[in-house]
Amino acid sequence: MKIGIVCPYSWDVPGGVQFHIRDLAEHLIGLGHEVSVLAPADDETPLPPYVVSAGRAVPVPYNGSVARLNFGFLSAARVRRWLHDGTFDVIHIHEPASPSLGLLSCWAAQGPIVATFHTSNPRSRAMIAAYPILQPALEKISARIAVSEYARRTLVEHLGGDAVVIPNGVDVDFFAKAETNPDWSGQTLGFIGRIDEPRKGLPVLMAAFPKIVEACPDVRLLVAGRGDEEEAVASLPAELRERVEFLGMVSDEDKARLLRSVDVYVAPNTGGESFGIILVEALSAGAAVLASDLDAFAQVLDQGGAGDLFANENPDSLAAGAIALLRDPERRARLSASGSAHVRRFDWSTVGADILAVYETVTDGAAAVGADERVPLRTRLGFSKDTTAS
Amino acid sequence: MIETLVWIALALAVIGVYLSWTAGRLDRLHSRMDAARAALDAQLVRRASVALEVATSGALDPASSLVLYEAAHAARQAEEDHREVAESELSQALRAVFADADQVEVLKAAPGGAQATEELAAAVRRVPMARRFHNDAVRAARALRRHRKVRWFRLAGHAPFPLAFEMDDEPPADLADRPT
């Protein structure tokens, strides 16, 4: 099958959606499909052979933060050329409602279109205003995928219609087979995420940390991620600061080893998560997981069956949960075992098969993808002699 | 005077282009719906055929075989206005037959059973998927067709008002469940 995938965000900036697309493309290529990914990228960036650059993304303020997006005539022309040259059986657009390549391809294409909605932002003012503009583009989508039941609910509320739920994929064995690092185990808590982004919840963990140390004197906290380290520990008493170890940005291999090694992985995110891929990675590595009770997290953790939940933004609840897990190795082993079994459904072998099933369903009884040729006005009004155009 | 006429002509032209564009949009929605309907049809027929194959294979006990055969046969032969009921009954029959996880194992153990199980599992998972895509297309088409501009100018022509396909498509839990 010839598959075109559209990535809305810069290929050179690391991010969840980009990683998802990279893994999906490589999985599909591994199965023998022809895949081409259209993504914004600087012309100098080295790209994998299956990625086609749609030009450089421009940083613009959008939805409360600076997003790097692609729009304008040049990008639209590149999208059209890609669609025309690719002769795809199906195209898979990610984030079709973001004002970037996703929306442009939706405009420009016709034929079987599959779309994945990753974020579940509460309906923004811009979206309400843009609804009549978006609708004609979004109604071309033949199949919608939401990454979680929660994302599906918001999608249905905001745009109407329905979607199938297919979670994000993880290479479970990559994490399950990583080697442990003895330096990182033995009464350790792990945290991975941007340090300076409050949404990721490190401040909540810092607020709970003194209490955890009081109950478990040997505990250490390992933090991996970008950000200002001094500022992150500023709220802690001086004698506790050395118990927090910053690892900076880590490679995929080190991330897997870290998750394999820590006793408890803590995900104190305070909101804005529609899936929680990091939890799936932690479960794959067999870590006991303690996460805030966001809808998306509770779903990944099987409502508490595969990992413990604590009340969101509540340091006391986090501390209690962490202490209970640190003191009880048997319970950690039990969670690790049930987590490892639960996480198999997020493995690429399963997720990839589901996504392929969607492709096959929409291509059944439909023509291939093409550029949406605007019918000339003359033809539409019936003045043209060329009757083959419709 | 001339000026007014020019303005009126211009306004009419703009409205005309807009209506023509809307008609194009509607046309595209109708063809999307037709494709989704064809896909749903294909999945339903596939499911009924695999169920029929399993029922006549002799791998299941006679009572289960009979129940499954009856429902699958009825689903395949159903007239259009009876189809939703017949297909729902096939879903119920499949759930009843495969209510027990052991039954799945029995089927897998039969010669060629592993492949049949695989096919049946794929079929029962894809029916709800195809139905969701179909009903999503129907909803989009209905939303546009209910709009004033479409009703007043009869842009939909004689195309029948789109209807959702309502059925019970819950797959048997042990069959459709993911490997653990």
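User: Which residues of helix H9 (residues 252–261) of chain A are buried?

Analyst: The model is predicted: local features need pLDDT of at least 70, side-chain atom pairs count only at pLDDT 80 or more, and totals for chains, interfaces and linings use all residues. Residues are numbered from 1 along each chain as its sequence is written, while chains are lettered from A and ligands numbered from 1 in the order in which they are written. A residue counts as buried if 20 or more other C-beta atoms, placed from the backbone, lie within 10 Å of its own, as exposed if 12 or fewer do, and as partly exposed in between. In helix H9 of chain A the buried residues are A:Lys255, A:Ala256, A:Leu258, A:Leu259, A:Arg260 and A:Ser261.

User: Against which elements of chain A do the buried residues of H9(A) pack?

Analyst: Elements are DSSP runs numbered from the N terminus, with helices (H or I) of at least four residues and strands (E) of at least two. Packing here rests on contact, for which the C-beta atoms of two residues, placed from the backbone, lie within 7 Å. The partners of the buried H9(A) residues are helix H6 (172–176), strand E11 (188–192), strand E12 (220–224), strand E14 (264–267) and helix H10 (277–284) of chain A.

User: Is A:Gly339 buried or exposed?

Analyst: A:Gly339 belongs to helix H13 (residues 329–342) of chain A. Leaving aside neighbours within four places in sequence, A:Gly339 is in contact with A:Leu283, A:Gly286, A:Val289, A:Ala306 and A:Gly307. The C-alpha atoms of A:Gly339 and A:Leu283 lie 5.3 Å apart, although the two are 56 residues apart in sequence. Because A:Gly339 has 24 C-beta neighbours inside 10 Å, the residue counts as buried.

User: How far apart do the C-alpha centres of domain 1 and domain 2 of chain A lie?

Analyst: An automatic or database domain assignment supplies the bounds, dividing chain A into domain 1 (2–169 + 348–380) and domain 2 (172–345). The separation of their C-alpha centres is 32 Å.

User: Which helix gives the largest share of the side of domain 1 of chain A that touches domain 2 of chain A?

Analyst: Twelve residues from domain 1 of chain A and seven residues from domain 2 of chain A form the contact. In the classes used, Ala, Val, Leu, Ile, Met, Phe, Trp, Tyr, Cys and Pro are nonpolar, Asp, Glu, Lys and Arg are charged, and the others, Gly among them, are polar. On that basis the domain 1 side divides into four nonpolar, seven polar and one charged. The largest share of this side, three residues, comes from helix H5 (residues 149–159) of chain A.

User: Which element gives the most to the side of chain A that touches chain B?

Analyst: In this interface, 23 residues of chain A are in contact with 25 residues of chain B. The chain A side has nine nonpolar, six polar and eight charged residues. Strand E9 (143–146) and helix H14 (348–363) of chain A are the elements that give two or more residues to this side. With five residues, the element that gives the most is H14(A).

User: At what angle do H14(A) and H5(B) pack?

Analyst: The contact joins A:Ala357, A:Val358, A:Thr361 and A:Val362 of H14(A) to B:Arg125, B:Arg126, B:Met129, B:Ala130 and B:Phe133 of H5(B). Axes are lines fitted to C-alpha atoms, for helices over the stretch in contact, and angles run from 0 to 180 degrees between N-to-C directions. The axes of H14(A) and H5(B) are 10 Å apart, and the packing angle is about 55°.

User: What is the handedness of the crossing of H14(A) and H5(B)?

Analyst: A crossing is left-handed if the near helix is turned anticlockwise from the far one by less than a right angle, and right-handed if clockwise. The crossing of H14(A) and H5(B) is right-handed.

User: How is H1(B) oriented relative to H5(B)?

Analyst: Helix H1 (residues 2–56) of chain B and helix H5 (residues 113–145) of chain B pack at about 160°, with their axes 8 Å apart. Angles under 35 degrees count as roughly parallel, over 145 as roughly antiparallel, 65 to 115 as roughly perpendicular and the rest as oblique. The orientation of H1(B) to H5(B) is therefore roughly antiparallel.

User: Which residues of H1(A) and H14(A) make their contact?

Analyst: The axes of helix H1 (residues 16–30) of chain A and H14(A) come within 11 Å and cross at roughly 80°. H1(A) is therefore roughly perpendicular to H14(A). The contact is made by A:Asp23, A:Leu24, A:His27 and A:Leu28 of H1(A) with, from H14(A), A:Trp348, A:Gly352 and A:Ile355.
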